[in-house]
Structure formats: structure tokens, C-alpha cells
Protein chains: 2
Amino acid sequence: MKISTKGRYAVKVMFDLALNNTGECIKVKDIAARQNISEKYLEQIIAILNKAGYVNSVRGAQGGYRIAREPEEYTIGMILRLTEGSMAPVACLDEGAECEQCDTCETLEVWKDLYDAINHVIDNVTIADLVAKRRQREGSLDYCI
Amino acid sequence: MKISTKGRYAVKVMFDLALNNTGECIKVKDIAARQNISEKYLEQIIAILNKAGYVNSVRGAQGGYRIAREPEEYTIGMILRLTEGSMAPVACLDEGAECEQCDTCETLEVWKDLYDAINHVIDNVTIADLVAKRRQREGSLDYCI
DNA sequence: TTATTTCCTATTATTCAAGTAGGATTATTA
DNA sequence: TAATAATCCTACTTGAATAATAGGAAATAA
């Protein structure tokens with residue numbers, strides 16, 4: 001039961017755009033280099049974020065991407081659901097799923113609890129939280145040197 | 001991020017063996033019929049449970065399987081880890097994993113929280129809990145009729 | 001000795017993850 | 001205006017994993 005690179009990279013992209021946001025455009029190439037991800041693969045992932053309006057794009061030379069809203073407004077859950085699809089641990093719990101045995105399925109209740117627990121975590125962390133942690137870390141590093 | 005049929009079926013097997021336990025052997029064929037799973041595929045899954053000592057087997061005619069210990073002693077987590085492997089949402093958190101970027105990875109902390117939440121759920125439900133729920137359901141059904 | 005059951009291993013079909021590749025389109029800038 | 005730099009779009013590939021299917025060997029009860 002793993003989160004795929006698609007979802008993980010999407011979170012990294014949003015984090016990177018928030019962390020390095022100066023109002024200027026940020027190129028895929030730069031994100032790929034910083035996050036150590038294939039540039040071409042990242043293009044596809046950021047395209048999903050773009051279509052969903054999570055980021056804004058500027059085409060042409062000196063173009064790139066910017067985070068569309070404030071980092072506080074993006075939870076990890078939003079980003080994972082967009083890129084990974086449902087975070088339900090079993091298909092029975094996906095939206096629009098039909099299962100005849102669900103009424104008499106004791107295990108389903110466990111999966112429901114698991115689903116709730118997963119959602120609770122990913123819906124209560126925002127990109128802003130991740131940026132804050134990095135800033136804090138950078139701050140404490142200054143003291144070390 | 002889905003639990004595979006292997007893990008789900010393994011839980012169903014343990015549940016079935018506990019629910020229908022009379023001290024007699026239970027055949028794979030019967031479990032497969034009750035749980036609506038391919039017999040041959042179930043053989044492979046129950047073999048894992050058998051090797052781990054979660055069930056005891058009796059070969060030959062009138063043979064079959066019995067749950068080895070009390071249903072209270074088997075958590076869902078034990079069964080899933082045995083059949084699925086680690087339940088960590090990212091490979092970085094698997095045992096023996098090595099990741100150079102972990103020290104400066106803010107997202108990892110989210111995955112850790114997620115991992116903890118997952119473990120908390122699956123380690124606090126036992127097969128006995130599932131059986132109890134079924135018994136309760138059966139009891140209330142009697143009143144309905 | 002026959003029927004029944006577990007045990008063991010190999011094979012397969014399908015799907016999905018994770019990228020790779022190539023070029024079209026759009027905009028800046030020299 | 002031409003060169004350059006960037007996003008955009010689509011198709012393809014490769015490898016691994018999932019979810020079985022298949023066939024028979026070994027063990028045991030009746």
C-alpha cells in the first residue's frame with residue numbers, strides 16, 4: 001500500500017513553488033533539478049496541477065509556473081486526491097463503487113476506520129506547514145554554523 | 001494506495017476460520033465458496049498463513065485448516081504485514097530503507113504521521129472483534145424475523 | 001485402493017507505474 | 001524577424017506487480 005511517485009512528486013512541486021515563490025515564474029527545469037526528478041515526467045505531473053488550477057502557467061521564454069493561491073489553502077489531501085485518485089484503502093470505499101457484499105462485510109468497517117484515519121492526517125497538513133518547517137530548520141542551521 | 005487482494009483475502013480467511021471454528025478442519029474449498037474467492041488463489045494465500053504458523057493444517061482426506069491461536073491474538077496489522085509486507089505509505093519508511101534526502105525532507109514527516117495513523121488502526125482491531133461484530137449482527141437479525 | 005485434501009511450482013494475462021521521446025505551440029529577446 | 005526558451009500535448013516503452021490459472025505430487029481417511 002504505497003503512494004505513487006505521481007502523488008509524492010505533486011506534493012514536492014507544490015512545496016517547491018511555495019518555498020521559492022517570489023512572484024516570478026518558476027521553471028519546471030529548476031524544480032526538477034532541486035527535487036531531483038525527471039524533467040519530462042514532472043511536466044506531466046505539473047500539467048495535472050495546472051488543469052486543476054492549483055498552479056498558474058506562463059508560456060514562452062521566461063515562462064514557468066506560480067502557485068495559484070496561498071500555501072495555507074492547499075492540503076496534502078487535496079493534492080494526493082487530485083493526482084492519485086481516491087485515497088481509500090479498498091475499492092469498495094471509492095466513490096461510485098458498488099459491492100453487493102458490503103452490507104455483511106465486517107472487514108469493510110476496518111477499512112472505513114483506516115480511511116478516516118488517513119484522511120484525518122492528510123487533510124490537516126498544508127503546504128504552508130511544510131514551508132514553515134523548512135524555514136524553522138533553516139533558522140536553526142544558522143545557529144549551528 | 002490500495003490494499004491488494006492478497007492482504008484482504010488473508011484477513012477474510014482468518015475471519016472465516018475464527019467464525020466457523022468448531023475444532024474440526026475447515027477446507028479451502030469451503031472458505032473459497034463462502035468468501036467468493038478463487039480456490040486455487042486462496043491456496044497460495046493460506047500457504048503464507050500456514051508457514052507463519054497463523055493456521056494449522058491437516059493433510060489428506062477430511063483435512064483442512066484451523067486457526068492456530070485465539071482470534072484475540074491476531075490483529076489485522078499482523079495479517080496485513082505478513083501478506084502485504086510493510087504498510088508504510090512510502091518506501092523511505094520501510095525497514096532497511098536508505099534515503100539520502102530524508103534529513104531535509106519535510107514531506108517525510110507527513111508520511112510518518114500517516115504511517116502512525118495507519119498502524120494505530122490496524123493494530124487495534126483483532127479477528128475476535130470482527131467475529132463479535134458478526135455475532136452481534138446475527139443476533140439482531142433474529143429479532144427482525 | 002480410491003477419493004480427498006493439502007502442498008508445491010510454473011506459467012500467464014492484464015494492468016499499472018514510471019518514465020522516455022518528439023514535436024507543436026507560445027512568447028521573449030537580441 | 002530569427003533564434004531561443006519555455007510550456008503544452010500525445011504517443012510509446014519498459015519493467016514489475018497483481019491476480020490469478022494450471023497441473024501434478026504427497027499425504028491421509030474411509
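Predicted model: local features only at pLDDT ≥ 70, side-chain atom pairs only at ≥ 80, totals over all residues.
I take helices (H or I, at least four residues) and strands (E, at least two) as DSSP runs, numbered from the N terminus. Residues are numbered from 1 along each chain as its sequence is written, and chains are lettered from A and ligands numbered from 1 in the order in which they are written.

**Entry: Gly85(B)**

I looked up Gly85(B) and found it in the loop between helix H4 (76-84) and helix H5 (106-122) of chain B. Gly85(B) has 15 other C-beta atoms within 10 Å, so I log it as partly exposed. I also checked Gly7(B), which is 78 residues away along the chain. The two C-alpha atoms are separated by 9.1 Å.

**Entry: the hairpin of chain B**

I count two strands as paired if DSSP finds at least two bridges between them. Strand E1 (residues 55-58) of chain B pairs with E2(B) in the antiparallel sense, over 4 bridges. Asn56(B) sits opposite Arg66(B) of E2(B). The two strands make a hairpin with 5 residues between them. In the turn, Gly60(B) has a positive phi of about 85°.

**Entry: H1(A)**

The 15 residues should span 21 Å, and the end C-alpha atoms are 20 Å apart, which agrees. How many residues of H1(A) are buried? I find 12 of its 15. Among them are Tyr9(A), Val13(A), Phe15(A) and Leu17(A). The charged-class names Arg8(A), Lys12(A) and Asp16(A) are on the buried list too.

**Entry: chain A against chain B**

I use a contact cut-off of C-beta atoms, placed from the backbone, within 7 Å. The contact takes 28 residues from chain A and 28 residues from chain B. On the chain A side, H1, helix H4 (76-84), helix H5 (106-122) and helix H6 (127-144) each give two or more residues. H5(A) gives the most, with 11 residues. I sort Ala, Val, Leu, Ile, Met, Phe, Trp, Tyr, Cys and Pro as nonpolar, Asp, Glu, Lys and Arg as charged, and the others, Gly among them, as polar. This side then has 17 nonpolar, 2 polar and 9 charged residues.

I superposed the copies by least squares on the C-alpha atoms of residues with pLDDT of at least 70 in both. A rotation of 180° with 0.0 Å of shift along its axis puts chain A on chain B (RMSD 0.1 Å). The two copies are thus related as by a two-fold rotation axis. The same surface serves both: 100% of the contact residues of chain A recur in chain B. Which residue of chain A comes closest to the rotation axis? Met1(A) does, at 2.6 Å (C-alpha).

**Entry: the DNA strands**

I call a residue near a strand if its C-beta atom, placed from the backbone, lies within 6 Å of it. Of the 26 residues around DNA strand C, Ser4(A), Ser38(A), Gly60(A), Ser57(B) and Ala61(B) come nearest. H3(B) gives the most to this surface, with 4 residues. By class I log 6 nonpolar, 13 polar and 7 charged residues. Around DNA strand D, H3(A) gives the most, with 4 residues.

Definitions and conventions
Expected span 1.5 Å × (residues − 1). Buried ≥ 20, exposed ≤ 12 C-beta atoms within 10 Å, placed from the backbone. Contact = placed C-beta atoms within 7 Å.
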